[in-house]
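Here's a quick briefing to go with the model below. Have the viewer open while you read.

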Amino acid sequence: TAGAWCVERLARMHFERARRHGHEGFDYIEGEDHFRCAGGERLLLHVIDEPSRLAVYRAPASRCNGCPMKQGCTSHDDGRMVFRSLATWAESDVGWFHQRISAVMLGVGAVLCSIELWRRAGEPGADFLLLGLLSCLTLFIRYAIRLTPFRTLMDEG
């Protein structure tokens, strides 16, 4: 169970770091739903890409092209774009994949505990194997109940 927890925790941390990196150097103003760049320009919501669960923000090309920081910011003449994920970690493909990995690890743990419990029935310490089996099964069932990919839920709704 600890291995499954560690895998999922590391994946969540990586997801959040990648999410922050996607708009690093830009301040998101939540109340007004826009980003502000280091040059003070507002990047307004341009489009929401529902299938990808992304909000795309864009600065006016005329402002970016005249900005002294343009070369370090973007090479495009269409204005700088910033992408903000609308998906939570659990809704993302990466999160879904890692949750499946955790569920498989818990399933394997349950099988191994079952085998050892059967081999060591009645021996001292078998209680710990039973505890491990119950822990793995409980967590595995919890995962199995909530492991419907978010995109499937969106398609059904």
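**A buried histidine and its aromatic neighbourhood**

H34 is buried, with 0% relative accessible area (buried means under 20%, exposed over 50%, partly exposed in between, using a 1.4 Å probe and protein chains only). Bear in mind that this is a predicted model, where local features need pLDDT of at least 70, side-chain atom pairs count only at pLDDT 80 or more, and totals for chains, interfaces and linings use all residues. Residues are numbered from 1 along each chain as its sequence is written, and side-chain values use heavy atoms, with hydrogens and water left out.

**Around H34**

- H34 sits in strand β2; helices (H or I, at least four residues) and strands (E, at least two) are DSSP runs, numbered from the N terminus.
- Setting aside neighbours within four places in sequence, H34 is in contact with D27, Y28, I29, R42, L43, L44 and Y57, contact meaning heavy atoms within 4.5 Å.

**Aromatic pairs**

- A pair of aromatic rings is described by the distance of the centres and the angle of the planes.
- The count is three aromatic pairs: rings of Phe, Tyr and Trp (its six-membered ring) pair if their centres lie within 6.5 Å, and planes under 30 degrees apart count as stacked, over 60 as edge-to-face and the rest as tilted.
- One of them is Y28 with Y57, an edge-to-face pair at 6.2 Å centre to centre and 75° between the planes.
- That pair links distant parts of the chain, 29 residues apart: Y28 is in strand β1 (residues 27–29) and Y57 in strand β4 (residues 54–58).
- Y28 counts as partly exposed because its relative accessibility is 27%, while Y57, at 0%, counts as buried.
- F35 and Y57 also pair edge-to-face, with 4.9 Å centre to centre and 80° between the planes.
- Here too distant parts of the chain are linked, with F35 in strand β2 (residues 34–36) and Y57 in strand β4, 22 residues apart.
- F35 has 0% relative accessibility, so it counts as buried.
- Put together, Y28, F35 and Y57 form one aromatic cluster.

**The whole chain**

- The protein chain has six helices and five strands, running α-β-β-β-β-α-α-β-α-α-α along the sequence.
- Of its 157 residues, 28% are buried.
- Among contacts with a separation of 6 or more, 52% are between residues 24 or more positions apart.
- The chain exposes about 10,500 Å², with carbon and sulfur atoms supplying 60% of it; accessible areas come from the Shrake-Rupley method with a 1.4 Å probe, and for residues only the protein chains shown count as cover.
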